[in-house]
Amino acid sequence: MECKEMHPRRGRKRQGPAWLFVFWCFFLNGTQGQIRYSIPEEMKKGSLIGNVAQDLGLDLKRLRSGRARIVTGDNVQYAELRADKGLLVVHERIDREQLCGDVTPCSFTFEILLENPMELHPVTIEVLDVNDNAPTFKNNYLRFEISESAVIGSRFVLESAHDADVDANNVQNNILTPSDNFVLKQHASPGGKKHAEMVLQKALDREAQPRLSLKLVAVDGGNPQRSGTVNIEIIILDSNDNAPVFNQTIYKAKVFENAPEGTHVLTVNATDADSGSNGRIAYSFSKYNTEIADLFLINELTGRIVIAKQIDYEKEKSIQFMVEAKDEGGFADSSKVELEVIDLNDNVPVINVMSFTSPVSEDAPVGATVGIINVKDLDSGENSHVSCAIVGRVPFRIKSNVRNYFALMTDADLDREGVPEYNITIVASDAGSPPLSTKITFNLKVSDVNDHAPVFPVSIYSAHVAENNLPGVSVSRVIAKDPDEKQNARVSYMLERSEIGGSPISEFVSVNAESGVISAVRSFDYEQIKELTFIVRAQDGGSPPLSSNISVRILIQDQNDNAPQVLYPVQTGGSLLAEMVPRSADVGYLVTKVVAVDVDSGQNAWLSYQVHKATDRALFEVGLHNGEIRTVRQVTDKDAVKQRLTVVVEDNGQPSRSATVIVNVAVADSFPEVLSEFTDLSMHDKEYNDKLTFYLVLALAVVSFLFVTCLLLIIAVKVYRWRQSRVLYHSNLPVIPYYPPRYSETLGTGTLPHVYNYEVCRTTDSRKSDMKNMQAMSQSLVSVDEADANRPPPNKELSGHFSQMSTMVSEMF
């Protein structure tokens, strides 16, 4: 420990009635330093007390950064800290007598508190007394009745003058005038108080002088000196030769503070050898301590002393006073009473909040200081020892670094999403029996940091949208939740870069950044794309931002927007196909199969086949689901050679779509029969077509003109035709069915599951010609095409006949 004393420089102007003395001590205990100053009372406001920055060895920057301030608790703040200059000055007028009364030395203590890190520097300021009070007596005069028989040396206690000043400025001397019969003797008690007694030095003569008038002057030791005076009146009584005598010089006792009124303290006892009225004793408190009469009562007859007012240990730890025993003859004796006040635990701890920080960030480190409190207990001993504890289970703890100062610190990591705020109750208890306690509750809010990424409630979003949708229609919505708050919980959505079929995903869908609504950018076609899979990113507004991704799958739902397509038989304007059925065909004979497909899916692609129109509905039927055309009954000779069926192919969509195909069937056992029937039917059909009739008449005219010249050629052709028909009828030619381009056999509805053989005959001559140009044919297929005008016939006449026949057959269908 290093202690120093500072004196003002020589020649420095005095401040007030006393010199300024400064003492300071540094106790090497951590960063704690203790300073002690001495100043006179009644200094002006703003007067310099000391340079705390220099005395503590602190930098002015440290005072400002540590928010240095004075902590006085509930006491009056007499000093002010000017942190910008590091000076300690007088803040309020200091009256030593008001502050300490008779206690000496007089001082008050406060602390200088610094934060970050927390430092506490106790400061003690001793207030020096100034002689600003004169000695005063409680009474204006004193009256004594003294027997003339009083012996030399009899003592009479005088009232003590009261001077609010202390030490040298207190009462130093008493002067008694005149002093012929009495001499003044002064005594000092162990407590430092002085009292005077008149001692009889010359016998009294009531007859010569029945009354005496004296003057007692009390003088203090101040500069300038002050004094107080009281008049003493002495009445001389008749002789009483024995004075009362106490059986003890000093009476000692103990009394508990806060003892109720009427509590017995002790009983004093005095005896007088005289008898009668001269031996009758009356007890009273001495005029030495007149204030005792407020605290105690004494029975004049018995000497029993009881409590008249509760005693507070915190104000008076011991009490001393004088009691007197006086007989009726005027003789008196005095004795001293010393009472020890025993402390009780009657003061609860007082909590003062030095600092408190709220809110606290949820990422605050463990051990961060949240607040600082000071706890004081006015009791003494064990009753003043305090401890603090936190009620309940909270992630905080109390730590004491300096006596009676406690720091509230975090004890675990904070999570605002789990607990957004805490009510921290701190209980301060003393060590008394029973202990007294007080509590204080802090409401601490936890501020948010961006420590959570947005979270989707599902792992994948699935949605459906019908094809042919309108651009901009809402398809789905993604929602992500962020448990953070404010800007950290503000979620925005965006598409992750990806491609579908070489095109960026943004050409297909878009996502609203605020709501997460996914909209279609364009109309979808199920036949082109059946599903979209992409990733949506949700990002919060924190710094730095956090994000998470979610997969979104959009399934395109098919609509019945495509009609069935007939793959077989092929309908063309330049050729005509006919299926050939022999008249010997049995019931269920497979004539052909209508093959159709629908590019839609599901029930929109389920096809059904129905016969819409037919030359003879009783002869043929079509399979509802496979499109196979079969005979319903046995073919007879009465059945027409040419049969035409109109087959409707319909899907199962809502609403349904359909397609129509015309199937031509030739019922005949031989090709010439087919040609003959086709010719007759063609003639009949031409009556309903004017344009075709014109060409027919023109052809007949040409035939008639050439008939004579070509008769022989016709006969030869007849013979040749007859021979060819016989060859055709008995031949088994290989099957060459007709398939549409890029058509293959499948197992689904609308396909041809088996291969059938048909006989195909082609004619390019006139209706009378039997000439057949044979190629690979089936047994049941008849194809009649227009003759190629650019192809040279075998001879000129045959070419004309085949052309006429081809035209007639085409007109029939």
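Is Arg69 buried, partly exposed or exposed, and what is its relative accessible area? Arg69 counts as partly exposed, because its relative accessible area is 23%, where buried means under 20% relative accessible area, exposed means over 50%, and partly exposed lies in between (1.4 Å probe, protein chains only). The structure described here is a predicted model, in which local features need pLDDT of at least 70 and side-chain atom pairs count only at pLDDT 80 or more, whereas totals for chains, interfaces and linings use all residues. Residues are numbered from 1 along each chain as its sequence is written, and side-chain values use heavy atoms, with hydrogens and water left out.

The secondary structure of the protein chain consists of 7 helices and 52 strands; helices (H or I, at least four residues) and strands (E, at least two) are DSSP runs, numbered from the N terminus. Of the 813 residues in the protein chain, 43% count as buried. Among the contacts in the protein chain with a separation of 6 or more, 67% are accounted for by residues 24 or more positions apart, a contact being defined by heavy atoms within 4.5 Å.

A search of the whole structure finds 24 salt bridges, each defined as a side-chain nitrogen of Lys or Arg within 4 Å of a carboxyl oxygen of Asp or Glu. In general, side chains of opposite charge can pair when their charged atoms come close. Arg69 takes part in one of these salt bridges, in which its side chain meets that of Glu115 at 2.9 Å, N to O. The pair links distant parts of the chain, since Arg69 is in strand S5 (residues 69–71) and Glu115 is in the loop between strand S8 (106–114) and strand S9 (119–128), 46 residues apart. Glu115 counts as buried, because its relative accessibility is 7%.

A salt bridge is also formed by Arg93 and Glu42, with the closest N and O atoms 2.8 Å apart. Because Arg93 lies in the loop between strand S7 (87–90) and helix H3 (96–100), and Glu42 in the loop between strand S3 (32–40) and strand S4 (48–51), the pair ties together parts that are 51 residues apart in sequence. Glu42 is partly exposed, with a relative accessible area of 27%.

The side chains of Glu514 and Arg490 likewise meet in a salt bridge, at 3.6 Å from N to O. Glu514 lies in the loop between strand S39 (509–511) and strand S40 (517–520), and Arg490 in the loop between S35 and strand S36 (491–495), so this pair ties together parts that are 24 residues apart in sequence. Glu514 is exposed, with a relative accessible area of 52%, whereas Arg490, at 48% relative accessibility, counts as partly exposed. Elsewhere, Arg416, Glu417, Asp448 and Glu485 are linked in a network of salt bridges.

Strand pairing can be followed in an open sheet of 3 strands, which has the order S11-S14-S13 and antiparallel pairing, two strands being paired if DSSP finds at least two bridges between them. Strand S11 (155–157) and strand S13 (182–188) are the edge strands, each of which pairs on one side only, and the twist from one strand to the next averages 30°, where axes are lines fitted to C-alpha atoms, for helices over the stretch in contact, and angles run from 0 to 180 degrees between N-to-C directions. S11 pairs with strand S14 (residues 194–200) in the antiparallel sense over 3 bridges, and Arg155 stands opposite Val199 in S14.

Some backbone details occur in loops. The peptide bond from Tyr568 to Pro569 is cis, with omega near 0°, and Pro569 is found in the loop between strand S43 (565–568) and strand S44 (575–581). The peptide bond from Gln654 to Pro655 is also cis, with omega near -5°, and Pro655 has its place in the loop between strand S50 (642–651) and strand S51 (658–667).
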